[in-house]
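Biologist: I have a protein chain to look at and would like to learn how to read its features. Can we go through them one at a time?

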Amino acid sequence: GYCIYVEEIVRTIRMLTRFPGIFLVVKLHPREIDFESRMPPAKEIEERDPTSWVTYVGNDVFTPQLVEWGEIFLSIATGAVYHPLKLSKPVLELSYAMGFMTVLAKYLPCADIRYRDRLIALIWQFKELPANERSSHYYDRVDLENFLHTFVESDTQPTLDAYVNFLQSV
């Protein structure tokens, strides 16, 4: 498996629910059997702001539905982030909770969150902006378009072929 620091994910969930008005939906990995048992139950998160909540969903809730509904996405090495990227919704790759660097973190630097302090600053920044203005304050348009063109949708060849060619060129 991947080197994921579950304790750091738990700390992040607890921290985020201290913000007012945070509605946090944690989508469990399809192959992860025991992950939910290691997460803090929503009712037991101490110091939770009364206007915030957290819930955990499994495979019965489809990721595209969450992407359409959600405003900001936290990622721990998942390909599911490409859909919100295509919609220009902010994606934050929680690099501090992993023992490796993802393609997203490496090639779209604004998404690379290496410290909890940066995550906190971004959450406050996003809370102050209307949802329709968040991406324009977060993404460099050229960087996002280049990333999407290189890794998600290529005009000249199938995406998988483009990705393989990219990996071979590195």
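Biologist: What share of the contacts in the protein chain with a separation of 6 or more comes from residues 24 or more positions apart?

Modeller: Bear in mind that this is a predicted model. Residues 24 or more positions apart make up 59% of those contacts.

Biologist: How many helices and strands does the protein chain have, and in what order do the elements run?

Modeller: There are eight helices and five strands. Starting at the N terminus, the order is α-β-β-α-β-α-β-α-β-α-α-α-α.

Biologist: What percentage of the residues count as buried?

Modeller: The protein chain has 170 residues, and 39% of them count as buried. Its accessible surface is about 10100 Å², with 54% of that belonging to carbon and sulfur atoms.

Biologist: How are two packed helices described?

Modeller: By the angle between their axes and the distance between the axes. Take helix H1, residues 6-16, and helix H5, residues 116-128: their axes come within 12 Å and cross at roughly 30°. Angles under 35 degrees count as roughly parallel, and H1 and H5 are therefore roughly parallel to each other.

Biologist: Is the crossing of H1 and H5 left-handed or right-handed?

Modeller: H1 passes H5 in a right-handed crossing.

Biologist: Which residues of H1 and H5 meet?

Modeller: On the H1 side they are Glu8, Arg11, Thr12, Met15 and Leu16, and on the H5 side Arg116, Leu119, Ile120 and Ile123. Sorted by class, this contact holds five nonpolar residues, one polar residue and three charged residues.

Conventions: Residues numbered from 1 in each chain as written. Predicted model: local features only at pLDDT ≥ 70, side-chain atom pairs only at ≥ 80, totals over all residues. Heavy atoms only, no water. Axes fitted to C-alpha atoms, helices over the stretch in contact; angles between N-to-C directions. Helix = DSSP H or I, 4+ residues; strand = E, 2+ residues; numbered from the N terminus. Parallel < 35°, antiparallel > 145°, perpendicular 65-115°, else oblique. Left-handed = near helix turned anticlockwise from the far one by under 90°. Contact = heavy atoms within 4.5 Å. Nonpolar A, V, L, I, M, F, W, Y, C, P; charged D, E, K, R; others polar. Buried < 20%, exposed > 50% of the residue type's maximum accessible area, 1.4 Å probe, protein only. Areas by Shrake-Rupley, 256 points an atom, 1.4 Å probe, with all protein chains shown as cover.
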